[in-house]
Amino acid sequence: MLQNLINGIHHVTAGVAGAQEDVDFFTTIVGQRLAKQTVLMDGPLPIYHLYYTNADADIGSAMTTFPYGKAGIKARRGSGQVKITSYTVPSNSLEFWVAHFQKHHVRHGTIEERFGQRRLTFMHPCGLEFEFVEDDTDTRRGYVTDDVSINEAVKGFHSVTMSVREVEEQNRFITEVLGFQFIGQERNYYQYELKEGGANKTIYVVHEPDLPQGSWGLGAGTIHHVAFAVDTDDELNQVREIVTGLGFTDMSEIKDRYYFHSAYVRSPGGILCEFTTSDIGFTIDEPFEELGQKLHLPPWKLKDSEEIMSQLEPITNPQKPLVK
């Protein structure tokens with residue numbers, strides 16, 4: 001139903017533990033650009049909202065995190081969540097990443113193949129599971145660091161893997177609501193693609209009937225939601241009308257996230273899905289070259305800036321401003 005409105009994955013959002021631990025993991029180890037420092041825009045609790053992207057801060061490259069280290073709020077991994085967040089990397093780079101992870105004492109799996117592509121899983125310190133997928137058809141520009149060259153650099157999201165106890169209703173939601181096509185099955189994994197498919201337009205479902213339900217609330221250690229990109233507020237309103245008309249009456253009102261507008265709905269398998277506009281962006285409050293260099297608060301939180309700053313864990317961005 002939404003295949004003409006959705007352009008692919010917009011971002012993925014997780015709860016993590018320590019803020020500096022998170023910054024170091026994504027910037028130093030994964031080689032992502034810290035593109036935005038802001039705060040959780042819901043509720044009174046002062047929590048960072050950190051955005052990590054590729055070199056150009058493209059839609060479909062932003063991993064966003066809420067560090068709950070000071071607050072001590074934890075979540076439970078399980079079914080009904082995004083289990084794996086996958087990035088694309090260049091062909092023949094996974095051997096580099098194995099050595100890189102070993103050097104930095106990062107938990108990781110072995111190189112394997114699924115759905116015709118080589119993959120490597122690895123773990124965030126708080127227990128989040130990630131995966132690199134080799135794919136040279138992805139032409140987005142990876143962020144280059146002292147340790148990660150353009151030959152290995154992460155280009156953006158490839159896909160998300162949703163864990164469910166029952167496949168049928170989640171399959172209907174992905175195909176009949178989101179407009180993805182079912183492509184095939186390998187063991188207990190199901191593959192879906194949007195439009196031409198490939199990087200940023202792929203969803204996997206993994207059937208785990210005996211895995212207990214995971215947490216739905218925010219907390220360290222789980223993916224909270226996956227967001228799908230639409231162009232404008234007009235398209236977002238169309239999405240809301242279509243999804244609500246299909247019977248998903250828990251569709252949220254439109255939320256102002258300052259860098260985009262969005263609305264949320266819980267899919268039948270339990271995974272929270274967000275629909276997010278793409279026409280505002282991160283440069284609304286700082287130049288492209290200076291993205292992520294300092295904390296920015298949305299206008300409605302500026303009056304509380306002193307109190308917010310006093311309660312946040314101090315963090316250091318190890319990266320310098322980038323010249324486009």
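Modeller: Start with an open sheet of eight strands, in the order β6-β7-β8-β5-β9-β12-β11-β10 and with mixed pairing. The model is predicted, so local features need pLDDT of at least 70, side-chain atom pairs count only at pLDDT 80 or more, and totals for chains, interfaces and linings use all residues. Residues are numbered from 1 along each chain as its sequence is written, and side-chain values use heavy atoms, without hydrogens or water.

Strands (E, at least two residues) and helices (H or I, at least four) are DSSP runs numbered from the N terminus. Two strands pair if DSSP finds at least two bridges between them. Strands of a sheet pair through backbone hydrogen bonds, either parallel or antiparallel.

Five bridges link β10 to β11 (residues 189-193), and the sense is antiparallel.

α2 (residues 94-103) lies across β5, β7 (117-123) and β8 (129-134). It runs at about 15° to β7. Axes here are lines fitted to C-alpha atoms, for helices over the stretch in contact, and angles run from 0 to 180 degrees between N-to-C directions. Contact means heavy atoms within 4.5 Å.

Look at the loop between β5 and α2: Ser93 sits there. Ser93 is buried, with a relative accessible area of 1%. Buried means under 20%, exposed means over 50%, and partly exposed is in between (1.4 Å probe, protein chains only). What does Ser93 touch, leaving aside neighbours within four places in sequence? Its contacts are Glu134, Asn151 and Glu152.

For context, turn to another strand order. An open sheet of eight strands runs β2-β3-β4-β1-β13-β16-β15-β14, again with mixed pairing. Its edges are β2 (33-39) and β14 (255-256); each has a single partner strand, so one side of each has no neighbour in the sheet. β14 is joined to β15 (residues 261-266) by two bridges, and the two strands run antiparallel. Asp256 has His261 as its bridge partner in β15.

Helices pack here too. α1 (residues 19-29) touches β1 (9-16), β2, β3 (48-53) and β4 (62-67). The direction of α1 makes about 5° with that of β3. α4 (residues 233-245) touches β15 and β16 (272-276). Its direction makes about 15° with that of β15.

Finish in the segment after α5 (305-311), where Leu322 is found. Leu322 counts as buried, at 18% relative accessibility. Leaving aside neighbours within four places in sequence, Leu322 is in contact with Arg33, Ala55, Tyr143, Phe288 and Glu289. Take Phe288: it is 34 residues from Leu322 along the chain, yet their C-alpha atoms are separated by 7.9 Å.
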